[in-house]
Amino acid sequence: MIVIVDYGVGNLGSIRNMFKKAGFKAEPSSDPAVIRRAEKLILPGVGAFDAAMRKFRETGLVSVVGELVLEKRIPVLGLCVGLQLMTRGSEEGSEPGLGWFDAETLRFKFDAAHANLKVPHMGWNEIHVRRDHPLVNGLPEQTRFYFVHSYHVVAKEVEAVLATTDYGVTIHSILGRGNILGAQFHPEKSHKFGLQLLKNFAERAS
């Protein structure tokens, strides 16, 4: 069973519907008992880092999800702000992140050559796969995903970077280490490419 962790922030219905199109059942839940029965977890997120992190803590689900991910090693996929919450923190605010990746979430800062780029980074952009992994297997060259974000993740653990994206700076757009995975973009809004990525997660990514 795939459970989409419902802590009050995220496109839960869109994610559920995309999994359904891929042939898998994924259900949102804020019930610890349901979450504990999950075989895989989705950590969604939209909006500001601090607000999302506070809501997550207020639900009391941080310890439940942490136990499953860190102790029982249940596969988890963080999406957009869900990935950012897995870092140590964000320049967007002062709340500490989960620290599951040795990474920081930084605001876009462009040099003079890219000063015309707009923030947020919004729209379709390519990813560049950096190493083989079940999450990215089967994705064609020039794979494009839909992004909406003003902050981006930079990982210190280079081996965790599965894919990058260029937008004035190098975005670490997919991270993966063991059972912990994350994507800066929105696969639920990314048509066939998002469908393939979520299918990969449901079938074999860990």
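Predicted model: local features only at pLDDT ≥ 70, side-chain atom pairs only at ≥ 80, totals over all residues.
I take a salt bridge to be a side-chain nitrogen of Lys or Arg within 4 Å of a carboxyl oxygen of Asp or Glu. I number residues from 1 along each chain as its sequence is written, and side-chain values use heavy atoms, without hydrogens or water.

**Entry 1, salt bridges**

I searched the whole structure and found 8 salt bridges. Arg 54 forms one with Glu 95, where the closest N and O atoms are 3.8 Å apart. Arg 54 sits in helix H3 and Glu 95 in the loop between H5 and strand S5 (103–107), so this pair ties together parts 41 residues apart in sequence. For helices I use DSSP runs of H or I with at least four residues, for strands runs of E with at least two, numbered from the N terminus.

Arg 54 also forms a salt bridge with Asp 50, with the closest N and O atoms 4.0 Å apart. The two are 4 residues apart in helix H3, which separates them by about one helical turn. An α-helix has 3.6 residues a turn, so residues three or four places apart point the same way.

I looked up burial next (buried is under 20% relative accessible area, exposed over 50%, partly exposed in between; 1.4 Å probe, protein chains only). Asp 50 is buried at 11%, and Arg 54 is partly exposed at 39%.

I then checked Glu 67 and Lys 72, whose side chains meet in a salt bridge at 3.9 Å, N to O. Glu 67 is partly exposed at 22% relative accessibility, and Lys 72 is exposed at 52%. Through shared partners, salt bridges join Asp 50, Arg 54, Arg 57 and Glu 95 into one network.

I define a nonpolar core as buried Ala, Val, Leu, Ile, Met, Phe, Trp, Tyr and Cys residues joined through side-chain atoms within 4.5 Å. The largest has 35 residues, and Val 5, Ile 35, Leu 41, Phe 56 and Leu 85 have the most contacts inside it. H4 gives this core its largest share, 5 residues.

For Leu 85 I listed contacts (heavy atoms within 4.5 Å). Beyond its neighbours within four places in sequence, Leu 85 touches residues including Tyr 7, Phe 49, Met 53, Phe 56 and Leu 98.

Which residues of H4 are buried? I find Leu 61, Val 64, Val 65, Gly 66, Leu 68 and Val 69. The buried residues of H4 pack against S1, H2, S3, H3, strand S4 (76–79) and strand S12 (180–183). Arg 73 follows H4 and has a positive phi, near 60 degrees.
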